[in-house]
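I opened my notebook to jot down what I looked up here.

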Amino acid sequence: PAPPALLPYVPRVPTTALPGKLTATTFALERPCCVFDRHANASDAVWLVVAFANASATFRNPPSRADVPRYEQLPTAHSYMTLETAAAAYACSAPSPAVLRVGGDTACRGQGGQDPCNGPLPSPGPYRVKFLVMGCHGPKAETRWSDPILLRRAGSPSTIDPAPARRSSHVVVIASVLASLGAALATAVLGTVGTEVWGSLCHQDSGTGTFAHRSYRTHHVPPALPQPVPPGCRCSPPGLGCFVPRPPAPCPAK
């Protein structure tokens, strides 16, 4: 058969900010829109070839769908094919999402390798990818290989030290001094605040204590002392004072 046509298109990771663009097991690709219209029919399929970067040069296109390398063969064959899609889905007139997710199917390990799968990638890579158009009689067109795609490394739980690191004696001394200074500062602040609060409470008294301890002068007039009763004065009923009895007037002459 004739070799497949080489298309100038180069797959790439989106350059714009995208959540999850690169993770430890997946990555995103720009969707190749309007790339295969002149080389694919409605019955053709477009595959994505994923290979380790150092093995992409030795990859050979499969002659038929039955020879497509599976996802489980990646550790030994260093390549596999996934994302089988009808060529019409990449046509210019077809509405489609802007990106493709590679490695997003976490249920691949339970399928037993019966069908091509888009499973999580087993290592950070780097990887290279290309799109391959396959018809009834084998490959018809292919894109160029992408630049190397390196995934993010995931931290292994075994590398986490559960015990805290030992501190040197200098660190312990400095920590003790800082703790002492913090305690002294807190005591001073609390003392100042307590004094102000106590003073405000004293000023908010009802006024009895302040009035009792404050020296003052009054215009109080002491009561008059009782005066001796003059001779011959007899007391009137209470509240009317005293009066001197007058001698009886002489009787009128007859």
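This is a predicted model: local features need pLDDT of at least 70, side-chain atom pairs count only at pLDDT 80 or more; totals for chains, interfaces and linings use all residues.

Is E30 buried, partly exposed or exposed? I get 21% relative accessibility for E30, so I put it down as partly exposed.

**Salt bridges**

My count comes to four salt bridges. I looked at E30 with R12 to begin with: their side chains meet in a salt bridge, 3.0 Å from N to O. E30 belongs to strand 2 (residues 27–30) and R12 to the loop between strand 1 and strand 2, so this pair ties together parts 18 residues apart in sequence. R12 has 44% relative accessibility, so I note R12 as partly exposed.

Next I checked R65 and E84, whose side chains form a salt bridge at 2.8 Å, N to O. R65 sits in the loop between strand 3 and helix 1 (74–77), while E84 is in strand 4, so the contact links parts that are 19 residues apart in sequence. Both ends needed an accessibility value. R65 comes out at 43%, which counts as partly exposed, and E84 is partly exposed with a relative accessible area of 38%.

Then I went to E142 and K130. Their side chains meet in a salt bridge too, at 2.6 Å, N to O. E142 lies in strand 7 (residues 138–142) and K130 in strand 6 (residues 127–135), so this one ties together parts twelve residues apart in sequence. Buried or exposed? I find E142 buried, and K130 is buried as well.

**Aromatic pairs**

How many aromatic pairs are there? I count six aromatic pairs. For F59 and W145, the ring centres are 6.1 Å apart and the planes stand at 90°, so I call the pair edge-to-face. F59 is in the loop between strand 3 and helix 1, and W145 is in the loop between strand 7 and helix 2 (169–203), so the pair connects parts 86 residues apart in sequence. F59 is buried at 11% relative accessibility, whereas W145 is partly exposed at 23%.

Y90 and F131 also gave me an edge-to-face pair, with 6.3 Å centre to centre and 65° between the planes. Y90 is in the loop between strand 4 and strand 5 (99–102) and F131 is in strand 6, so parts 41 residues apart in sequence are tied together. Y90 counts as buried at 2% relative accessibility, and F131 is buried with a relative accessible area of 1%. I also followed these rings to F36: F36, Y90 and F131 form one aromatic cluster.

In what order do the strands of the open sheet run? I read it as 1-7-6-3-4, five strands with mixed pairing. Strand 1 (5–6) and strand 4 (79–86) are at the edges with a single partner strand each, so one side of each has no neighbour in the sheet. Looking at strand 3 (residues 45–52), I see it run antiparallel to strand 4, joined by six bridges. On this stretch V50 stands opposite Y80 in strand 4.

Technical notes
Residues are numbered from 1 along each chain as its sequence is written. Side-chain values use heavy atoms; hydrogens and water are left out. Two strands pair if DSSP finds at least two bridges between them. Helices (H or I, at least four residues) and strands (E, at least two) are DSSP runs, numbered from the N terminus. Buried means under 20% relative accessible area, exposed over 50%, partly exposed in between (1.4 Å probe, protein chains only). Rings of Phe, Tyr and Trp (its six-membered ring) pair if their centres lie within 6.5 Å; planes under 30 degrees apart count as stacked, over 60 as edge-to-face and the rest as tilted.
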